[in-house]
Amino acid sequence: MLSEEAIRSALHASRVVPLAVANPHGPLGLEQLAAAVARHREEVQTHPSPDRVRRPIELPVQTWEKLHALAAATARAGAPPISAGELAAAIIEQYVLDAAS
Amino acid sequence: MAEEPSNPQTIFRFALPVGMSLIVVFVPSQDRDGQAMDQEYWVDEVLTTLGRLVRGATAYPRGRGVWRDDARGGALLKEEPVIVFSYAAEDALTAAALADLYRTLSRMGRQANQGEIGVVIDGKYYGITDYVEE
């Protein structure tokens with residue numbers, strides 16, 4: 001069975017959220033699952049950090065893969081798991097802060 | 001005479017087969033600008049991909065939903081996603097198979113102008129926002 005990190009990496013997922021729906025079976029189970037996903041999306045969208053923005057940026061595939069590897073290495077070191085996107089944001093933020101000082 | 005409490009799972013003897021994973025993909029009905037997208041085409045693409053990778057998948061008719069896109073001024077987008085689900089055997093759910101699924105989903109994200117593509121695997125939601133062209 002693949003680990004959460006392996007699935008996240010293969011899907012290039014920017015976030016992973018455990019859902020409180022165990023083994024959804026049949027139409028009603030899937031409705032319950034869909035409702036849980038919708039609730040989560042709504043919670044995330046309605047509680048944004050007020051001083052941050054999200055913008056798509058374009059990177060070479062190789063750079064993105066290296067970011068994934070770096071993010072995974074960070075997770076292995078015992079720190080809280082971060083995504084490649086979060087790592088990219090941290091690197092850019094730090095670079096801009098250093099450049100401005 | 002008081003009836004004993006019934007448990008449908010016991011009566012019908014259903015359970016998730018051992019060693020199987022449930023994959024659920026949400027195929028949206030609109031792009032992030034609120035424009036209708038070719039949902040049927042993408043449902044067919046996801047079904048075909050999952051059928052090829054894990055031997056089968058089912059599309060479940062539309063539910064209804066709404067989400068707020070803060071990157072677009074907090075516009076409310078009303079959604080009628082189609083739920084595509086599949087039970088995958090452990091040996092079929094490989095990193096290579098998921099990378100293949102990602103190629104289809106990232107293409108959908110790019111071409112259908114999506115803010116995020118959602119996949120649930122075994123009770124965890126994986127949000128995809130990086131649509132790398134592979």
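Reply: Happy to, and let me start with one pair of strands: β6(B) and β7(B) run antiparallel and are joined by five bridges. Please keep in mind throughout that this is a predicted model.

Me: Thanks! Which residue in the turn of the hairpin formed by β6(B) and β7(B) has a positive phi?

Reply: The two strands of this hairpin have two residues between them. On the strands themselves, B:Ile121 has B:Lys124 as its bridge partner in β7(B). In the turn, a positive phi of about 50° belongs to B:Asp122.

Me: What is the order of the strands in the open sheet of six strands?

Reply: The pairings can be followed one by one. β1(A) pairs with β7(B) in the antiparallel sense over four bridges, and β7(B) is joined to β6(B) by five. Three bridges link β6(B) to β1(B), eight link β1(B) to β5(B), and three link β5(B) to β2(B). The order of this antiparallel sheet is therefore, with one edge strand from chain A and the other from chain B, β1(A)-β7(B)-β6(B)-β1(B)-β5(B)-β2(B).

Me: Which strands stand at the edges of that sheet?

Reply: An edge strand here has a single partner, so one of its sides is left without a neighbour in the sheet. Neighbouring strands are turned by 25° against each other on average, direction ignored. The strands at the edges are β1 (15–18) of chain A and β2 (58–60) of chain B.

Me: Which residue in β5(B) is the bridge partner of B:Val25?

Reply: β5(B) pairs with β1(B) through eight bridges and with β2(B) through three. For B:Val25, the partner in β5(B) is B:Val84.

Me: Where does A:Pro18 meet chain B, and what stands opposite?

Reply: β1(A) and β7(B) run antiparallel, with four bridges between them. Four of the five residues of β7(B) are buried, so this strand is largely enclosed by the rest of the structure. Within β7(B), the residue opposite A:Pro18 is B:Lys124.

Me: How do the axes of α2(B) and α3(B) stand to each other: roughly parallel or roughly antiparallel?

Reply: The two axes come within 10 Å and cross at roughly 175°. Angles over 145 degrees count as roughly antiparallel. That is why α2(B) and α3(B) are described as roughly antiparallel.

Me: How many residues of the contact of α2(B) with α3(B) are nonpolar?

Reply: From α2(B) the contact includes B:Trp42, B:Val46 and B:Leu53, and from α3(B) it includes B:Ala97, B:Leu101 and B:Met108. Two residues of the contact are polar and two are charged. The number of nonpolar ones is seven.

Me: Which strand does α2(B) run at about 5° to?

Reply: α2(B) lies across β1, β2 and β5 of chain B. α3(B) also packs on the sheet, touching β6 and β7 of chain B, and its direction makes about 155° with that of β6(B). The strand at about 5° to α2(B) is β5(B).

Me: Which element gives the most to the largest nonpolar core?

Reply: This core has 39 residues, and those with the most contacts inside it are A:Leu11, B:Val84 and B:Val119. Elements giving two or more residues to the core include α1 (4–11) and α2 (26–46) of chain A, and β5 (82–89) and α3 (95–111) of chain B. The most, six residues, comes from α3(B).

Me: What does A:Leu11 touch in chain B?

Reply: A:Leu11 is among the residues with the most contacts inside the largest nonpolar core. Leaving out residues up to four places away in sequence, its contacts are B:Leu98, B:Tyr102, B:Val119, B:Tyr126 and B:Ile128.

Me: And is A:Leu33 buried or exposed?

Reply: A:Leu33 is found in helix α2 of chain A. Among its contacts beyond four places in sequence are A:Leu19, B:Val24 and B:Val120. A residue needs 20 or more C-beta neighbours within 10 Å to be buried. Because A:Leu33 has 24 of them inside 10 Å, it counts as buried.

Note on methods: Residues are numbered from 1 along each chain as its sequence is written. Chains are lettered from A and ligands numbered from 1 in the order in which they are written. This is a predicted model: local features need pLDDT of at least 70, side-chain atom pairs count only at pLDDT 80 or more; totals for chains, interfaces and linings use all residues. A nonpolar core is a set of buried Ala, Val, Leu, Ile, Met, Phe, Trp, Tyr and Cys residues joined through C-beta atoms within 7 Å. A residue is buried if 20 or more other C-beta atoms lie within 10 Å of its own, exposed if 12 or fewer, and partly exposed in between; C-beta atoms are placed from the backbone. Two residues are in contact if their C-beta atoms, placed from the backbone, lie within 7 Å. Two strands pair if DSSP finds at least two bridges between them. Axes are lines fitted to C-alpha atoms, for helices over the stretch in contact, and angles run from 0 to 180 degrees between N-to-C directions. Angles under 35 degrees count as roughly parallel, over 145 as roughly antiparallel, 65 to 115 as roughly perpendicular and the rest as oblique. Ala, Val, Leu, Ile, Met, Phe, Trp, Tyr, Cys and Pro count as nonpolar, Asp, Glu, Lys and Arg as charged, and the others, Gly among them, as polar.
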